[in-house]
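Hi everyone, thanks for making time this morning. Let me put the chain on the screen, and then I'll walk you through a few features.

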Amino acid sequence: QVQLVESGGGLVQAGGSLRLSCAASGRTFITSTMGWFRQAPGKEREFVAARNWNGETTYYADSVKGRFTISRDTAKNTVYLQMSSLKPEDTAVYYCAARRIGEPQYDYWGQGTQVTVSS
């Protein structure tokens, strides 16, 4: 199995920045893609960003393009989400997720980390 642990959430003012980290452990070699999702109160979980472990291709939700950057450190089995120009509507619980090689869905999820952006 694969274990994911997020960190780096917190309270920040609008316009500020935060960097989330997701440390992966266990059978990480079975995973191909790491993603970030978020869920705001009363809303469904939504995709934020993703990238492959072994490639440079990244994917972003339109709402975060140009403000968020997903990166990875393969030596540390860690994925990061650098968030800049934060807005109150970015307030949510942010989840890290991993997708197995050859599978379309995300099978492994972290426990989530709270990000609160004050206006």
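Before the sheet, a word on terms: two strands count as paired if DSSP finds at least two bridges between them, and strands are DSSP runs (E, at least two residues; helices are H or I, at least four), numbered from the N terminus. Please keep in mind that this is a predicted model, where local features need pLDDT of at least 70, side-chain atom pairs count only at pLDDT 80 or more, and totals for chains, interfaces and linings use all residues. Residues are numbered from 1 along each chain as its sequence is written, and side-chain values use heavy atoms, with hydrogens and water left out.

So, the sheet. Four strands form an open, antiparallel sheet in the order S1-S3-S8-S7. S1 and S7 are its edge strands, each pairing on one side only.

Now, which cysteines are joined by the disulfide? Cys22 and Cys96 are, with S to S at 2.0 Å; the cut-off for sulfur atoms is within 2.5 Å. The pair links strand S3 to strand S9, 74 residues apart. The link is left-handed, at -75° about the S-S bond.

Finally, Leu81: beyond four places in sequence, Leu81 touches residues including Leu18, Trp36, Phe68 and Tyr94, where contact means heavy atoms within 4.5 Å.
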